[in-house]
Amino acid sequence: MATSTPTPTSLSFFSSSLFLSSSSTKLPCLSLSFKTSSNPNLCIASQLSTLSILSFTGEKIGETYLDLKSAPPETARAVVHRAIITDQQNKRRGTASTLTRSEVRGGGKKPYPQKKTGRARRGSMRSPLRPGGGVIFGPKPRDWSIKINKKEKRLAISTALSSAAQNTIVVEEFGDKFEKPKTKDFMEALKRWGLDPKQKSMFLMMEVPENVNLSSRNIGTLRMLTPRTLNLFDILNCDNLVLTPDAVDYLNGRYGEDYEGDTEDDDEEEEEGGGGGGEEANENADAER
């Protein structure tokens, strides 16, 4: 007799566990407090989590909090899934193109007489049944872009960030700690912060200094992001999330409960983070015509 699996009451983030359907997977749990919106018609809650702030040497020097909006557990997977599918699909250029039998060069002459040859009837050597002929139902340039509401996309990112709280650490500003680019120094800093260089880690900083960028770019498991390059795929794809105090303040203001509305900077971020492949596909389609 089949038994129904109970729906989890809290979200966990460990190797994209937001999409783990197995209830037998045991993950480390973090105690979080929820603040429900004052509007009874809304099902969005604010998830508050306390994070430790580490110094450059790996010592705890304080605490901060991450207070982000989060979708309810029963709809969180659907919201995040729709947002990630939108981002991935909007990155498609849509330039794949094949030639039909009317577009392939040649094939105007009947290859051999209709009768008295003992062979099948052929009207053209460019038939889709012949090598070198046209393609049946092949791809043509098209626009793959789909639309998602800004509030829905913002909720998906905040939900993913909230579920990643148990694997998130906050590190003090370390841009001035690297006097020169050196990957070895960055690897040692990762170990002091308790991070495994073999695991995927995502750093979110307001600005990435040149020496930090050069010191970390040879580490294939790292992603150094700024608010303008923050995207849902990297959040779900990483094992550890590293923030700076300024980045925490930005996330609380941009994806928190007190966020008031869109600004010009928000519109620019939406355009950059949305994977704008639609315009390129339209241009290629026009050129093809």
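User: Which residue forms a salt bridge with Lys153?
Analyst: This is a predicted model. In it, the closest N and O atoms of the pair are 3.7 Å apart, and the cut-off for a salt bridge is 4 Å. Lys153 lies in helix α2 and its partner in helix α1 (residues 73-90), so the pair ties together parts 66 residues apart in sequence. The partner is Asp87.

User: Are Lys153 and Asp87 buried or exposed?
Analyst: Buried means under 20% relative accessible area. Lys153 and Asp87 both fall in that class: buried.

User: How many residues apart in sequence are Lys140 and Glu103?
Analyst: Their side chains meet in a salt bridge, 2.9 Å from N to O. Lys140 and Glu103 each lie in the loop between α1 and α2, so the bridge ties together parts of the chain at a separation of 37 residues.

User: Are Lys60 and Glu63 buried or exposed?
Analyst: Lys60 and Glu63 form a salt bridge, with the closest N and O atoms 3.1 Å apart. It is one of 5 found in the whole structure. Lys60 and Glu63 are both exposed.

User: At what angle do the axes of α2 and α6 cross, and what is the handedness?
Analyst: The axes of α2 (residues 150-163) and α6 (residues 245-255) come within 10 Å and cross at roughly 135°. That makes α2 oblique to α6. Contact residues include Ile157 of α2 and Leu251 of α6. The crossing, at roughly 135°, is left-handed.

Methods:
Residues numbered from 1 in each chain as written. Predicted model: local features only at pLDDT ≥ 70, side-chain atom pairs only at ≥ 80, totals over all residues. Heavy atoms only, no water. Axes fitted to C-alpha atoms, helices over the stretch in contact; angles between N-to-C directions. Helix = DSSP H or I, 4+ residues; strand = E, 2+ residues; numbered from the N terminus. Parallel < 35°, antiparallel > 145°, perpendicular 65-115°, else oblique. Left-handed = near helix turned anticlockwise from the far one by under 90°. Contact = heavy atoms within 4.5 Å. Buried < 20%, exposed > 50% of the residue type's maximum accessible area, 1.4 Å probe, protein only.
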